[in-house]
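This report covers a ligand site and a domain interface. The structure comes next.

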Amino acid sequence: MWDASNTSERLVEAGAFVSRDLDLAGFTTLRVGGPAPVVAECSTTESLVEVVRLLDAESVPTLLIAGGSNLVIGDDGWDGVVVRIANSGVRLDADVIAAEAGAVWDDVVAGTVEAGLGGLECLSGIPGSAGATPVQNVGAYGVEVGTVLHRVRLLDRVTGEVRWVGPDELGLGYRTSVLKHSDAALVLEVELQVSPDGASAPIRYRELTATLGVSEGVRVPAAQAREAVLALRRGKGMVLDSTDHDTWSAGSFFTNPVVPAARAEEVLAAIRSRLGDVAVPTYPADGGVKLSAGWLIERAGFTKGFPGADAPARLSTKHTLALTNRGAASAKDLTELARTVRDGVEDAFGVRLSPEPVTVGCEI
Ligand code: EPU
């Protein structure tokens, strides 16, 4: 059994800034989650490595939090040490940008665009930290981090070693990698490939080609693409704004479901039998067809703002795929809403949605 006072002293010696008895709601964009007895903030990579090695060596239950934008923490909080990943250095080396794990992701993107570098602009406005981006292969508006990732520096929590790994070792897929739902390694730093000509990645997402008035595959000045992406995201409540409860969310709460080819006809038939002959948004995917979770949620009867104005946890009034805290929601409120939506979609269409955020001390 670990001792909070004794552990705190040693965490300070290892370079952490230690706080006691904090509420974790303030560490997540959903703003839910109970207390933790010890929070160790690590603002350098060295202290982060030393602190996590120390905690692992003594088997202290450790929860790592960076931007907290893809995290649902239960109302009982965390009975162990919370390590805040707060190393935030960023440097440019030729056409590779290196960001420490705790750097604010959108600051990294904005910095590249301002420096006349292209490649990251479609990933503008995404909440959270740089180190989290490879973990679930963050993607938006036609670009995934995996396609621009140069390498990742990891702390191997089994051996205690620090090493660089390339994207091919990370098992990157749609919103997933070997790092997700695993405590085996901690991201310390990421390196991303940028393009010195200042042009964006080829614009592929339909909504973005329409906004920019270009045809698919065209590259535009990175700054122009960034502005367009930010405007689209704002319209969906997907850019953090503390005054707008539609943004008190974990972004998309469910991944877009991939239905295996063998089941696709059956699912499309279930959709048509309920909705009539509608145009169902589908996207090509490995081994099957990807459907739009937001569309399925809305068509299953969970419209924007569900279940209504008095509920503490509601669907965003701008996008059905975001579950939001209207100010006083608990993790219980949120997970109940998530279950209602997931089960309702399954009943209506036979498709079971999977949550995208990591859950800690609660389940959906
Ligand atoms: N739709 C609705 N109702 C809504 C919202 C969307 O019916 O309230 C339907 C529409 O048909 C729309 C379609 O869903 O055309 C797709 O919506 P959107 O373009 O917003 O994309 P998404 O699939 O819901 C994904 C990512 C987002 C990313 C956007 C843009 C996932 C789970 N989500 O959302 O990522 O920003 O595409 O690329 O893949 C995140 O992962 O947290 C996230 C925000």
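## Ligand site

Arginine 299 places a polar side-chain atom 2.8 Å from an oxygen atom of the ligand. This is a predicted model: local features need pLDDT of at least 70, side-chain atom pairs count only at pLDDT 80 or more, and totals for chains, interfaces and linings use all residues. Residues are numbered from 1 along each chain as its sequence is written, and side-chain values use heavy atoms, leaving out hydrogens and water.

For tyrosine 174, an N or O atom of the side chain is 2.7 Å from a ligand oxygen. For arginine 233, the distance from a polar side-chain atom to a ligand oxygen is 3.4 Å. In total, 26 residues surround the ligand (a heavy atom within 4 Å of it). The closest are Tyr141, Tyr174, Tyr205, Glu298 and His319.

## Domains

There are three domains: domain 1 (4-85), domain 2 (90-235) and domain 3 (245-360). The bounds come from an automatic or database domain assignment. The C-alpha centres of domain 1 and domain 3 are 32 Å apart. Their contact (heavy atoms within 4.5 Å) takes 13 residues from domain 1 and 18 residues from domain 3.

## Interface of domain 1 and domain 3

The two domains bury about 1300 Å² between them, 60% of it on carbon and sulfur atoms. Buried area is the accessible area (1.4 Å probe) lost on being put together, summed over both parts. Leu30, Asn70 and Val72 supply 47% of what domain 1 buries here, more than any other three residues.

Terms used:
Polar contact = N/O pair within 3.5 Å; in protein donor to acceptor, adjacent residues only side chain to side chain.
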